[in-house]
Amino acid sequence: MQSEIVNNMLAVAIVGNGPVDRHPDFEWYKDKIDIWIGADRGALTLVLKKIPPEYALGDFDSINEAEKRTIQQHSKIFKEYPSEKDETDLEIALIKAFELKPDEIYLFGVTGGRLDHELINIQLLHQIANKDIRGIIADNVNQLELTKAGKHTVFHNEAYPYISFIPFTQKVKGITLEGFYYPLADETITWGSTLCISNKLLSKKGTFSYEEGILLLIKSRDTIPV
């Protein structure tokens, strides 16, 4: 998998409680991530994958006592919260990530399962972007990133070859795609538009730009990697 990470940048990864069969291959990311945070059962996932979490946070209501002890033994910092609270376990982990002042935050284990959780987790990318942090959600078939108006470079990724752009705001104005199989010039797309679905790069990189709105950049694949 081709790296898109600039040297000397701090990257934090949060692993949530989503279905483990939707996780990407963490080996793709181990060299990119500086600090791992486990949210609730996500901390156990990290331990079982032999990635000791720097922080294990949450109410841990999805694990038994033996599993909790395992997390405590293999985590540098363990903090348990009451089950009745205003924030989700993922939000608690995200607050901790913000305190670390990273350049990038990766979210794993936040897709699949309950649709309400998945939709709100995607919306958390907006919180991350508002702090001028690059936020990425990745699972075994998708990689999502929220972008703001301006010009952006996108790189080919063998694991996620298809590229789609979905409006996060009701309207995205002036979108231009260069270096893509299906180029665009100064188009406007709105909610429900399929104009920017399932594109591909012609070479190792391309650019996209737009004047107004917020876009979701989604890289994906048809088949699940083995």
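## Salt bridges in the model

A salt bridge is taken here as a side-chain nitrogen of Lys or Arg within 4 Å of a carboxyl oxygen of Asp or Glu, and the structure holds 10 of them. This is a predicted model, in which local features need pLDDT of at least 70 and side-chain atom pairs count only at pLDDT 80 or more, whereas totals for chains, interfaces and linings use all residues. Residues are numbered from 1 along each chain as its sequence is written, and side-chain values use heavy atoms, with hydrogens and water left out.

## A pair within one helix

The side chains of K96 and E99 meet in a salt bridge with an N to O distance of 2.8 Å. Because they are three residues apart in helix α3 (residues 89-99), about one helical turn separates K96 from E99; helices are DSSP runs (H or I, at least four residues) and strands likewise (E, at least two), numbered from the N terminus. K96 is partly exposed at 21% relative accessibility, and E99 is partly exposed at 49%, where buried means under 20% relative accessible area, exposed over 50% and partly exposed in between (1.4 Å probe, protein chains only).

## Pairs between distant parts

R41 forms a salt bridge with E67, their closest N and O atoms being 3.3 Å apart. Since R41 lies in helix α1 (residues 41-48) and E67 in helix α2 (residues 65-74), the pair ties together parts that are 26 residues apart in sequence.

K76 and E54 form another salt bridge, with the closest N and O atoms 3.4 Å apart. This pair links distant parts of the chain, 22 residues apart: K76 is in the loop between α2 and β4 (77-80), and E54 in the loop between α1 and β3 (55-58).
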